[in-house]
Amino acid sequence: MCTECKKGKYYMTTAIAYTSGKPHIGNTYEIVLADSIARFKRQEGYDVYFQTGTDEHGQKIQLKAEETGITPKEYVDNVAGMVKDIWDMMGSSHDSFVRTTDQDHEQQVAKIFKKLYEQGDIYKGAYEGLYCTPCESFWTESQLVDGKCPDCGREVQPAQEEAYFFKMSKYADRLIAHINAHPEFIQPVSRKNEMMNNFLLPGLQDLCVSRTSFSWGIPVDFDPKHVIYVWLDALSNYITKIGYDADGNSSELFQKNWPAELHLIGKDIIRFHTIYWPIFLMALDLPLPKQIFGHPWLLQGEGKMSKSRGNVLYADELVEVFGVDAVRYFLLHEMPFDNDGLISWELVTERRNSDLANTLGNLVNRTISMSNKYFGGEVTNTHTEGGMDEDLKKTVTSAVTAVTAKMDELRVADALTEIINLFKRCNKYIDETTPWILAKSDEDKPRLATVLYNLVESISIGATLLKSFMPETSRKILAQLNAAEVPYDKLDQFGHYISGTKVTDQPEILFERMKIEDVIAKVEEMHPAAEEKNTQGAGEDNAQDAQPVIDIEPKAEISYEDFMKMQFQVGEIIACEKVSKSKKLLCSQVRIGSQVKQIVSGIQKHYTPEEMVGKKVMVLVNLKPAKLAGVLSEGMLLCAEDENGTLSLVVPEKAMPSGAEIC
């Protein structure tokens with residue numbers, strides 16, 4: 001273990017949250033993950049600077065603000081405040097919260113753009129291609145589907161838009177060489193392989209870095225009808241907020257902290273951070289970050305929430321039911337290193353009961369209660385050793401090394417498992433030593449005292465290891481044991497707890513067991529089910545008679561055999577994300593029976609990803625797979641469309657299981 005007080009600087013960032021709406025629990029996972037890493041690095045002795053924030057420009061925000069009847073700045077102020085409140089609620093220990101509407105950030109982005117333009121890396125050109133007016137998107141012939149817009153299926157027209165472009169290909173070979181020379185640069189390895197094989201090695205196209213079709217952005221100061229496009233704006237936050245100056249007058253904070261040790265981001269934006277961002281830095285003659293980690297997604301799992309209004313999970317609601325540290329524990333423990341994780345009310349309840357109430361909470365309560373019952377709360381080491389003691393001590397002290405190794409690889413879930421295994425070993429030690437039997441004989445009291453001392457010392461070390469992941473729970477445990485926090489570099493030594501110290505005489509139950517039916521009842525209180533409307537009677541019939549109707553041009557008749565070739569089933573949307581290359585496409589993971597299909601739909605204007613998750617929808621299952629905006633689609637969601645082009649998903653009238661056939 002390192003014996004230095006300080007191990008050097010450690011600058012880390014999260015992606016900045018897009019201020020289009022309230023962040024769901026999948027968005028919140030990233031800040032909890034980043035916070036656990038930042039806290040752990042501080043505990044190890046690093047001088048940590050941890051930055052997060054919000055991304056606040058773009059056409060989507062401008063449109064949302066117009067729909068709401070407020071200015072874009074008022075809109076992002078509201079959402080940014082909401083994001084910061086949730087980050088604070090989850091215990092984020094960030095040192096800096098950047099907003100891309102901050103004046104210092106906007107000034108530096110404008111200077112960066114001008115610098116890159118003047119040195120020849122940015123040039124003025126135009127999008128030339130086929131334009132879809134409803135989608136406000138340009139497409140090439142090869143991107144069209146049956147000659148129409150791949151997003152919405154409408155007709156396209158030849159058109160062009162003036163824009164500035166960055167010469168990506170100029171730096172591509174240099175970036176490939178850097179990635180090959182630094183295998184740790186992109187993690188996990190699967191993300192690196194994806195970037196190399198799908199983007200860099202086939203050749204990079206120049207990147208559009210300005211737009212003229214909307215105004216909510218940072219103006220190009222020498223050509224103000226252009227605004228700087230989102231990725232050059234947003235990515236620059238990692239250097240602007242710590243004091244980078246494009247004129248060469250960067251702050252001491254920047255000089256100290258750049259390059260970053262870690263950019264922690266979601267796997268959906270890995271391309272922008274591992275290709276665009278390093279190339280921008282090369283053009284600015286700045287060193288590249290040391291590591292970019294693209295974490296997996298947190299997906300909505302199956303849950304008994306059918307009576308509630310929607311299935312999107314939010315951090316504040318989970319915290320209201322389970323508490324902050326229980327939610328932090330679930331998010332960190334249940335996410336694999338390189339695969340997506342699942343969350344539901346049921347899964348959180350089960351994990352809270354098994355690991356936190358049974359393994360940890362029960363252990364702490366039993367140990368304190370026995371210390372009070374047998375020794376008036378005084379914990380004394382009589383050094384009366386037994387056969388199980390060495391194995392316990394070895395398990396406890398080796399856990400420190402194991403946790404450190406896992407965290408060095410950013411395998412946070414595995415690190416937490418090591419800590420829980422420590423607590424499980426303590427429970428096994430109680431069963432092995434049978435304190436209740438030792439207490440029956442005065443002759444065995446010295447041995448009993450040592451057993452309880454070993455337990456208190458082991459729990460103290462485990463609680464200290466837990467500090468980065470569940471800070472409030474760690475504090476509570478140490479307070480109840482009256483244990484001082486031991487420096488991290490000395491935790492691999494057994495015997496820090498001062499013999500003769502008294503534990504609390506009123507142990508607090510850390511985590512009560514919860515029944516899933518009580519959890520569901522609480523959730524339904526927060527989201528009361530909408531009352532079913534009475535569909536009987538003349539009044540309802542008359543109301544339906546008054547509804548507008550639409551006549552469309554009929555298509556050619558088909559035979560029954562033609563119809564029978566199509567397979568329609570009920571699907572449940574378990575995850576949904578925006579398609580990065582498109583302003584109109586959503587990519588949904590749809591569970592159909594025991595299978596999950598990926599389906600891309602041009603409905604981003606009509607549904608947010610959060611609204612999609614949990615819906616039961618009608619799916620054309622056997623449609624030939626196709627790529628839309630470079631993303632594979634394995635079916636089609638059925639929608640209805642009115643005369644204004646508004647889309648509505650077709651959903652079953654009654655509750656139907658995933659996979660039910662539509663006939």
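Predicted model: local features only at pLDDT ≥ 70, side-chain atom pairs only at ≥ 80, totals over all residues.
How are helices α2 and α3 oriented to each other? The two helices are roughly perpendicular, because their axes cross at roughly 100°, and angles of 65 to 115 degrees count as roughly perpendicular.

**The chain as a whole**

The chain contains 22 helices and 27 strands. Its radius of gyration is 29 Å, close to the 26 Å that the globule rule gives for 663 residues, so the chain is as compact as a globular protein of that length. Taken along the principal axes, the box filled by the C-alpha atoms is roughly 95 × 75 × 45 Å.

**Helix pairs**

Two packed helices are described by the angle between their axes and the distance between the axes.

| Helix pair | Residues | Angle between axes | Distance between axes |
|---|---|---|---|
| α2 and α3 | 59-68 and 72-89 | roughly 100° | within 8 Å |
| α5 and α10 | 169-181 and 270-283 | about 110° | 10 Å |
| α12 and α15 | 324-334 and 412-433 | about 115° | 7 Å |

In the pair of α2 and α3, the contact is formed by Ile-61, Gln-62, Lys-64, Ala-65 and Thr-68 of α2 with Pro-72, Tyr-75 and Val-76 of α3. By class, the residues of this contact are five nonpolar, two polar and one charged.

Helices α5 and α10 pack at an angle of about 110°, which makes α5 roughly perpendicular to α10. On the α5 side, Tyr-171, Arg-174, Leu-175 and His-178 take part; they meet Thr-274, Ile-275, Pro-278, Ile-279, Met-282 and Ala-283 of α10. Seven nonpolar, two polar and one charged residues make up the contact of α5 with α10.

For α12 and α15, the axes lie 7 Å apart at an angle of about 115°. Here Tyr-329, Leu-332 and His-333 of α12 make the contact with Val-412, Ala-413, Leu-416, Thr-417 and Ile-420 of α15. The contact of α12 with α15 has six nonpolar and two polar residues, and no charged ones.

**The cavity**

The structure holds one cavity of 30 Å³ or more. The space in the largest cavity amounts to about 30 Å³. Its lining consists of His-57, Gly-58, Phe-214, Trp-216, Gly-217, Ile-228, Tyr-229 and Val-230. By class, this lining has five nonpolar residues, three polar residues and no charged residues.

**Backbone details**

Most residues other than glycine have a negative phi, and most peptide bonds are trans. The following places in the chain concern these two properties.

A cis peptide bond links Gln-187 to Pro-188, with omega about -10°. Pro-188 is located in the loop between β8 (186-187) and α6 (189-200). Another cis peptide bond runs from Trp-258 to Pro-259, and its omega is near 10°. The loop that holds Pro-259 lies between α9 (252-257) and β12 (262-266).

Asp-146, a residue other than glycine, has a positive phi, with a value near 55°. Asp-146 is found in the loop between β6 (137-139) and β7 (157-166).

Conventions. Residues numbered from 1 in each chain as written. Heavy atoms only, no water. Axes fitted to C-alpha atoms, helices over the stretch in contact; angles between N-to-C directions. Helix = DSSP H or I, 4+ residues; strand = E, 2+ residues; numbered from the N terminus. Parallel < 35°, antiparallel > 145°, perpendicular 65-115°, else oblique. Contact = heavy atoms within 4.5 Å. Nonpolar A, V, L, I, M, F, W, Y, C, P; charged D, E, K, R; others polar. 1 Å grid on protein atoms, 1.4 Å probe; cavity = no way out; pocket = protein on both sides within 12 Å on 5 of 7 lines; lining within 4 Å. Points joined across faces, edges and corners; volume = space filled by probe spheres on them. Rg over C-alpha atoms; globule rule 2.2 N^0.38 Å.
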